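Dear colleague,

I am handing over the structure we spoke about, and below it I have set out what was found. Please read the notes with the model open beside them.

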Amino acid sequence: MRARKIPANSVARALAKVGDRWSLLILGSAFQGAKRFDDWQRGIGISSNILTNRLNHLVRIGCLERVPGGGSRSAGYRLTSMGADLYPVALMFWRFDRQWSTNRALKSATLTHGVCGCGMTPVLVCARCREPLHARDVRYEPGPGAALERMPPPKVSRRSLVTLDGAQGPGLFGDSIDYFGDRWTQLVIASAFLGLRRFSDIQERWKIAPNILADRLKLLVDQGMLERRAYQANPERFEYRLTPKGMDIYPILLALMRWGDRWLATKAGAPLILHHRGCGRRLDPLAVCDHCGGVLDRHDVELRPGTPPAAAQAARGTGRRVRRVP
Ligand SMILES: [Zn+2]
Ligand SMILES: [Zn+2]
């Protein structure tokens, strides 16, 4: 079979490395302080063979490194600079789930910023002017690394849901992982931001088989990410537009693109250059606290998993404590 080529993009590259559900869940736990095999097994309810496989994968691609045991310390793993740099991505996933998930535990989770001491929502802003970023405020142009490249191979062959049963509860990555775990779904979402609304346009750009494209469009409509609107009566034709929920996934894409540009670009450079219309400068996205505006460092942010309403009532009034992860 001939290799399928698509326009190079850093989001697809990033997702090809870390976009499978288990890798994201493992990284999310690492941001929460998981270091050892048992931490992950307990935290995300993952089987030991899958965990071994994904830890090896994350070491191989440079996001984790092994830490040998010695003295009273047992062997484990730590985030490399490349792995730690995915933190803004995790924050943007968290923000989206908090806003849109129907899972009560995800909706009621909180993040506390140790620097200002406040409960907060992470927000993605332009590093130069500090204005929050919206899709309409960003302008694209081909970068020095623009090219056609082979489509990344599938990471998981089927759409399948990770259940968090048996785990300690959701962490930074909740159910929106499912929009990204499948490469076709990712490309259909990307199309919407690139202004491709019609079936034939999307199919032409990515060379997706019609049955697969129809399936993914239906999935995204069912999930409330896209809306189907008739644009022609006879024969009836539809176009697909982002809903407010769909638009709100933009900070996740920007955070992934930033990471892909930084760690996965070819020598030529970034495939796409972004400019912020607000200040007219090249866009560099930054995750900050919506309360104090400070740049978010994972060592200063505490995640409190959501609790059922009754338990939340009982816990009210207890002092806030920020756990510092060494
Ligand atoms: Zn700006
Ligand atoms: Zn703050």
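One residue to begin with is S48, which has its place in helix α4. Please keep in mind throughout that this is a predicted model. S48 counts as exposed, because it has 11 C-beta neighbours inside 10 Å, where 12 or fewer is the condition for that class. Its C-alpha lies 8.4 Å from that of F37, a residue eleven places away in sequence.

Helix α4 itself, which covers residues 48-60, packs with helix α2, residues 21-31, at an angle of about 75°, and the two axes are 10 Å apart. That angle makes α2 roughly perpendicular to α4. On the α2 side the residues that take part are W22, S23 and I26, and they meet I50, R54, L55, H57 and L58 in α4. Sorted by class, this contact has five nonpolar, two polar and one charged residues.

The crossing of α8 and α10 is right-handed. Here W184, T185 and V188 in α8 meet I212, R216, L217, L219 and L220 in α10, and the residues of this contact divide into six nonpolar, one polar and one charged.

To place these helices in the whole, the chain has 13 helices and 13 strands. Of its 326 residues, 37% count as buried. Among the contacts between residues at least 6 apart in sequence, 70% join residues that are at least 24 apart.

Helix α1, residues 10-18, has eight of its nine residues buried, so it is largely enclosed by the rest of the structure. The buried residues of α1 are S10, V11, A12, R13, A14, L15, K17 and V18, and they pack against α2, α8 (183-193) and α12 (250-264). Helix α6, residues 87-100, has 14 residues and reaches 20 Å from its first C-alpha to its last, which is close to the 20 Å expected at 1.5 Å a residue. Twelve of the 14 residues of α6 are buried, so this helix too is largely enclosed by the rest of the structure. The buried residues of α6 are Y87, P88, V89, A90, L91, M92, F93, W94, R95, F96, D97 and W100.

P271 has its place in the loop between α12 and β11, the strand of residues 272-276, and P271 is buried, with 24 other C-beta atoms within 10 Å. P271 and S10 are 261 residues apart in sequence, yet their C-alpha atoms are 7.1 Å apart in space. If its neighbours within four places in sequence are left aside, P271 is in contact with A8, N9, S10, G143, G145, A146 and A147. R150, found in strand β8 (residues 148-150), is by contrast exposed, with 10 other C-beta atoms within 10 Å. The C-alpha atoms of R150 and I6 are separated by 6.3 Å, although these residues are 144 residues apart along the chain.

Finally, there are some points of backbone geometry to check in the loops. The peptide bond from N234 to P235 is cis, with omega near 0°, and P235 lies in the loop between β9 (226-232) and β10 (237-242). R130 is not a glycine, and yet it has a positive phi of about 65°; this residue is found in the loop between β6 (122-126) and β7 (138-142). R130 is partly exposed, with 13 other C-beta atoms within 10 Å. K207, in the loop between α9 (199-206) and α10, likewise has a positive phi, near 55°, in a residue other than glycine. With 12 C-beta neighbours inside 10 Å, K207 counts as exposed.

With kind regards

Note on methods
Residues are numbered from 1 along each chain as its sequence is written. Chains are lettered from A and ligands numbered from 1 in the order in which they are written. This is a predicted model: local features need pLDDT of at least 70, side-chain atom pairs count only at pLDDT 80 or more; totals for chains, interfaces and linings use all residues. Axes are lines fitted to C-alpha atoms, for helices over the stretch in contact, and angles run from 0 to 180 degrees between N-to-C directions. Helices (H or I, at least four residues) and strands (E, at least two) are DSSP runs, numbered from the N terminus. Angles under 35 degrees count as roughly parallel, over 145 as roughly antiparallel, 65 to 115 as roughly perpendicular and the rest as oblique. Two residues are in contact if their C-beta atoms, placed from the backbone, lie within 7 Å. Ala, Val, Leu, Ile, Met, Phe, Trp, Tyr, Cys and Pro count as nonpolar, Asp, Glu, Lys and Arg as charged, and the others, Gly among them, as polar. A residue is buried if 20 or more other C-beta atoms lie within 10 Å of its own, exposed if 12 or fewer, and partly exposed in between; C-beta atoms are placed from the backbone. A crossing is left-handed if the near helix is turned anticlockwise from the far one by less than a right angle, and right-handed if clockwise. The expected span of a helix is 1.5 Å times one less than its number of residues.
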